[in-house]
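Subject: The structure for you to look through

Hello,

Here is the structure I promised to pass on to you. Please keep it open while you read, and turn to each place as it comes up.

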Amino acid sequence: MDFWINILEQGLLFGIMVLGVYITYKILDFPDLSVDGSFPLGAAVTAAALIKGIHPIFAIFLSCIAGMMAGAVTGYLHVKIKITNLLSGILVMIGLYSINLRIMQKANVPLFNQKTIFSIGIQPIWIILLFALFIKILLDIFLKTKFGFLLKATGDNPQLVTSLGIDIGFTKIVGLMLSNGLVALSGSLAAQYQGFSDIGMGTGIVVMGLASIIFGEAVLRKVSFILPTTMALVGSMLYKMSMAFALKLRFPTTDLKLITAVIVALALALNEKKIGASIKKIFIVGGECPVTNTKSIKNIS
Amino acid sequence: MSVLLQIQNLSKTFHKDTVNEKIVFEKFSLQVEKGDFITIIGSNGAGKSTLLNMISGSIPMDMGNILLREKDISKEAEYKRTKMIGRVFQDPTMGTSPSMTIFENLSMAAHKGKKFNLTMGISKKDISQFIDLVGQLSLGLEEQMNTKVGLLSGGQRQALALLMSTISNPDVLLLDEHTAALDPRTSERIIELTQKIVEEKKITTLMVTHNLHQAISIGNRLIMMHKGNIILDIKGQQKNELTIEKLLNCFETVQKDDVFSDRLLFS
Ligand SMILES: Nc1ncnc2c1ncn2[C@@H]1O[C@H](COP(=O)(O)OP(=O)(O)O)[C@@H](O)[C@H]1O
Ligand SMILES: [Mg+2]
């Protein structure tokens with residue numbers, strides 16, 4: 001029973017991160033790697049805040065703001081300085097590594113003795129469920145607003161957004177802020193749930209998010225009227241479940257990242273439509289760009 | 001009649017100072033009166049698309065001024081100009097958002113110029129209005145308001161794109177061979193719709209077409225472009241009396257001149 005509850009807890013907790021990844025990868029069509037830095041950023045800010053005696057709810061809020069700022073930087077680098085989307089994300093991710101260390105002041109900060117949102121005596125699953133559902137519903141509503149429409153159109157047909165008299169750079173930056181805000185929020189919850197914040201906890205977050213989205217789509221895409229946010233959350237739980245089973249099969253924990261990478265690569269390799277098709281669009285087509293566009297190389301030489 | 005759009009001494013060279021240098025415009029000028037419906041024809045590479053792209057700001061120009069309602073918009077970003085300019089492209093996928101429904105697409109277009117805030121994208125009162133609007137296209141789209149636009153045919157999408165680009169009453173409408181990618185019957189239908197919408201809304205329009213028949217029968221002014229110049233500009237009564245034969249004659253004269261000047265050059 002604990003086994004399954006753990007899967008649910010972790011699936012929903014990381015599911016909030018997956019919702020963030022969903023915004024950039026699937027809505028904005030923006031392969032944002034900065035989330036590998038903004039997830040531990042959320043954890044780091046939370047650790048620092050809790051140790052200072054700040055209320056855990058407020059710590060979550062601060063983490064979210066920090067994540068949004070990180071997303072804004074990625075967006076700024078891409079939109080204003082015109083750095084490619086991949087490199088913008090990588091730059092922010094690398095930069096955040098140092099920033100996160102500064103915030104935490106050491107590589108690992110235990111939080112077992114701090115008051116967290118899980119210290120109030122309610123089963124963690126209910127607290128996590130509350131957060132995950134609240135954020136999912138909020139995101140669903142947001143995507144039905146006028147601005148939400150613009151965000152969807154930005155990834156779908158940027159020219160249309162420009163034709164509507166809207167600065168496409170602005171919608172991208174806002175989308176990245178939202179995404180990284182959610183990822184950092186997830187990181188904050190993860191730190192409080194695990195009872196520590198670690199500098200390395202962000203490694204592979206992006207790939208984990210992608211794997212979850214692929215899982216969700218693979219299983220639920222045939223269900224009519226299903227919201228993509230539901231798919232993302234369910235996908236996240238499925239992902240956590242498969243990792244739990246991998247552990248049961250005596251794979252060492254350190255192999256999980258490799259397994260995840262293989263899953264994503266396989267999903268992209270299988271030429272099946274829909275599953276990961278949209279993600280494939282970014283990476284496989286996107287991967288050709290550096291070859292055909294030799295401008296950056298010319299500029300260097 | 002008042003002047004709505006003024007293009008003054010516009011110059012444009014692609015790949016300046018390279019082997020690929022291509023001078024497209026040199027001191028090109030054009031005045032468009034309010035309410036004009038101008039059809040633009042011309043040989044391939046004459047600069048028709050480049051002209052529209054520079055008006056809308058998707059391609060920067062090298063020199064010159066573009067004035068819209070006496071305001072110089074030459075330096076303004078594309079997204080600022082598009083507030084006053086509607087556009088339909090040759091490619092039907094350019095004007096709509098494929099993974100969004102007809103309702104959602106229309107609602108975005110209808111809010112052009114207003115705030116895209118956190119209020120609901122589609123309000124109850126919009127719904128019947130949008131259904132009416134789409135019904136006027138008589139393409140049966142009103143039955144498919146919740147269908148994703150990506151699932152519609154090219155013609156249906158282009159009709160929708162036309163509706164969307166005019167719903168907010170732009171000052172100027174730019175059409176660049178917007179029926180060229182469609183089959184003849186659908187193309188005919190879109191042209192009818194274009195005429196109907198432009199007349200009803202009295203939108204000043206520039207329409208590039210490769211169909212001489214359309215160019216003659218539609219609008220109040222016809223411009224023929226060649227190598228970045230206007231070589232024929234026919235308005236009013238003269239335009240009404242224009243026939244394909246007369247137009248073809250002009251075409252031939254131009255091309256003969258071309259050959260002629262080339263010969264001169266090489267002799
Ligand atoms: N982005 C570009 N880069 C280089 N040359 C271009 C570009 N766009 C257009 N041209 C050149 O400018 C000329 C005019 O093109 P265009 O405006 O597309 O002509 P039209 O629409 O009248 O057929 C052509 O010779 C074309 O090759
Ligand atoms: Mg053209």
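The bend at a residue is the angle between two axes, one fitted to the seven residues ending there and the other to the seven starting there. With that in hand, and keeping in mind throughout that this is a predicted model, you can begin with helix α1 of chain A, which bends by about 30° at A:I16. Helix α1(A) has 26 residues and reaches 35 Å from its first C-alpha to its last, which is close to the 38 Å expected at 1.5 Å a residue. The helix is followed by A:D29, a residue whose phi is positive, near 60°.

If you select B:L106 and leave aside its neighbours within four places in sequence, you will find it in contact with B:F130, B:V134, B:M145, B:L160, B:L163, B:M164 and B:I167. As background, nonpolar side chains in soluble globular proteins tend to be buried together.

The aromatic rings deserve a careful look as well, and over all chains the structure holds 11 aromatic pairs. In one of them, the rings of A:F215 and A:Y239 have their centres 6.3 Å apart and their planes at 65°, and because planes over 60 degrees apart count as edge-to-face, that is what this pair is called. A:F215 lies in helix α9 (residues 205-220) of chain A and A:Y239 in helix α10 (residues 228-248) of chain A, so the pair ties together parts that are 24 residues apart in sequence. Both A:F215 and A:Y239 are buried. Helix α9(A) is itself mostly covered, with 13 of its 16 residues buried.

Another edge-to-face pair is formed by B:F25 and B:F28, at 4.9 Å centre to centre and with 65° between the planes. Back in chain A, the residues A:F3, A:W4 and A:F245 form one aromatic cluster.

For chain A as a whole, the secondary structure comes to 13 helices and two strands, and 51% of its 301 residues count as buried. Among the contacts in chain A with a separation of 6 or more, 78% are between residues 24 or more positions apart. Not counting residues up to four places away in sequence, A:V92 touches A:S34, A:A70, A:V73, A:T74 and A:L77.

Finally, please turn to chain B, where strand β9 (residues 221-226) and strand β10 (residues 229-235) run antiparallel and are joined by six bridges. B:M224 has B:L232 in β10(B) as its bridge partner. The hairpin of these strands has two residues between them, and B:K227 takes a positive phi near 45° there.

Best wishes

Conventions:
Residues numbered from 1 in each chain as written. Chains lettered and ligands numbered in written order. Predicted model: local features only at pLDDT ≥ 70, side-chain atom pairs only at ≥ 80, totals over all residues. Heavy atoms only, no water. Contact = heavy atoms within 4.5 Å. Pairing = 2+ DSSP bridges. Helix = DSSP H or I, 4+ residues; strand = E, 2+ residues; numbered from the N terminus. Expected span 1.5 Å × (residues − 1). Phe/Tyr/Trp six-rings, centres within 6.5 Å; stacked < 30°, edge-to-face > 60°. Buried < 20%, exposed > 50% of the residue type's maximum accessible area, 1.4 Å probe, protein only.
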